Amino acid sequence: MTSVARPVARTAYQQSVADYWNAEKDPVNLRLGDVDGLYHHHYGIGDYDPSVLDGRGEKRDKAIIAELHRLETAQSQFLLGHLGDIDPTARLLDAGCGRGGTSVQAHQRFGCRVDGISISEQQVDFANEQARLRGIDGAVRFHLRNMLDTGFESGDFAGIWNNESTMYVDLHELFAEHARQLAPGGRFVTITGCYNDLTGGRSRAVSQIDQHYICNIHARGDYFKALAANGFVPINVVDLTEATIPYWELREQSSVATSIEKPFLTAYREGSFHYLLIAADRV
């Protein structure tokens with residue numbers, strides 16, 4: 001694990017986020033990752049196979065867990081597909097890497113160097129151990145750093161992504177740091193939940209999601225304002241809201257369900273919450 005000399009968490013709020021993820025051992029993250037060693041911290045997209053609900057007992061539970069993991073892995077592959085053509089000599093940054101699953105997939109897909117960062121020491125240590133076990137720790141490395149001020153050199157990265165981590169930071173600060181780190185013409189991709197500006201603020205269900213994850217979900221329009229202000233031009237915007245609902249419907253019926261499935265489904269179905277992919281080039 002590597003970290004910058006100055007404190008990683010700069011505010012009491014950032015420290016509370018680090019404390020939350022340092023203590024987190026949620027089965028919905030760990031049991032799904034145990035399927036094949038790819039540990040994610042995001043949700044899934046695509047229709048699920050209804051036959052996984054036909055079994056009973058442990059057999060049914062294992063089938064549901066495997067299907068949830070297939071859907072979350074499909075989500076990260078969808079994100080990586082929007083980075084464009086990445087040369088094996090390039091370098092990528094996973095900002096808010098969680099336990100590192102998407103970083104591993106990026107290396108497998110492109111053959112390039114990948115750096116992941118998190119303010120959670122527990123996540124960084126876990127992710128580095130997974131890279132070591134896979135024998136890719138020379139190319140995939142995880143660092144205890146703040147995504148708003150990483151300490152990496154300017155212009156070093158061909159691509160950067162945030163996979164469901166932008167809701168913990170100020171978007172203008174984040175995109176300014178991403179613009180600094182990206183080479184000219186570099187690509188930024190995010191998949192994120194955002195509330196619908198047209199509904200007049202956060203709905204009750206969105207506020208429940210904020211409270212559950214101690215995050216601050218942004219309005220949809222805030223992403224495009226902050227991107228434009230920092231020299232990014234969106235090239236793809238994909239509404240994944242309908243595509244993620246099956247994941248939540250299946251998760252609600254699983255042994256790893258928590259109290260948060262209902263607010264997600266309510267927010268998506270009522271239109272107060274959107275699940276978007278945004279890909280933008282640095283100009």
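Axes here are lines fitted to C-alpha atoms, for helices over the stretch in contact. With that settled, I opened the model, which is a predicted one.

**Entry 1: H6 and H8**

I began with helix H6, residues 171–181, and helix H8, residues 220–229. Their axes lie 9 Å apart, and I read a packing angle of about 40°. Angles under 35 degrees would count as roughly parallel, and 65 to 115 as roughly perpendicular. H6 and H8 are therefore oblique to each other. I also looked up the hand of the crossing, and H6 passes H8 in a right-handed one.

Next I asked myself which residues meet here. From H6 I noted Leu171, His172 and Phe175. Facing them in H8 are Asp222, Tyr223, Lys225, Ala226, Leu227 and Ala229. I sorted the residues of this contact by class and got six nonpolar, one polar and two charged.

**Entry 2: Thr166**

I then moved to the loop between strand E5 (157–163) and H6, where Thr166 sits. Is Thr166 buried or exposed? Its relative accessible area is 0%, so I wrote it down as buried.

The side chain of Thr166 makes a polar contact of 3.1 Å with the side chain of Thr192. Setting aside neighbours within four places in sequence, I found Thr166 in contact with Leu171, Leu174, Thr190, Thr192, His218 and Tyr223. I was pleased to meet two of these names again: Leu171 in H6 and Tyr223 in H8 both belong to the contact of Entry 1.

**Entry 3: His212**

My next stop was His212, in helix H7 (residues 204–213). At a relative accessible area of 25%, His212 is partly exposed, since buried would need a value under 20%.

What does His212 touch, not counting residues up to four places away in sequence? I listed Tyr20, Thr258, Ser259 and Ile260.

**Entry 4: H3 and H4**

I finished with another helix pair, H3 (residues 57–81) and H4 (residues 101–110). I read an angle of about 55° for this pair, with the axes 10 Å apart. H3 and H4 are therefore oblique to each other, and H3 passes H4 in a right-handed crossing.

On the H3 side I noted Thr73, Ser76, Gln77, Leu80 and Gly81. These meet Thr102, Gln105, Ala106, Arg109 and Phe110 in H4. By class I have three nonpolar, six polar and one charged. Gly81 goes with the polar group, because Gly is counted there.

Note on methods
Residues are numbered from 1 along each chain as its sequence is written. This is a predicted model: local features need pLDDT of at least 70, side-chain atom pairs count only at pLDDT 80 or more; totals for chains, interfaces and linings use all residues. Side-chain values use heavy atoms; hydrogens and water are left out. Axes are lines fitted to C-alpha atoms, for helices over the stretch in contact, and angles run from 0 to 180 degrees between N-to-C directions. Helices (H or I, at least four residues) and strands (E, at least two) are DSSP runs, numbered from the N terminus. Angles under 35 degrees count as roughly parallel, over 145 as roughly antiparallel, 65 to 115 as roughly perpendicular and the rest as oblique. A crossing is left-handed if the near helix is turned anticlockwise from the far one by less than a right angle, and right-handed if clockwise. Contact means heavy atoms within 4.5 Å. Buried means under 20% relative accessible area, exposed over 50%, partly exposed in between (1.4 Å probe, protein chains only). A polar contact is a pair of N or O atoms within 3.5 Å; within protein, one must be able to donate a hydrogen and the other to accept it, and residues adjacent in sequence count only if both atoms are side-chain atoms.
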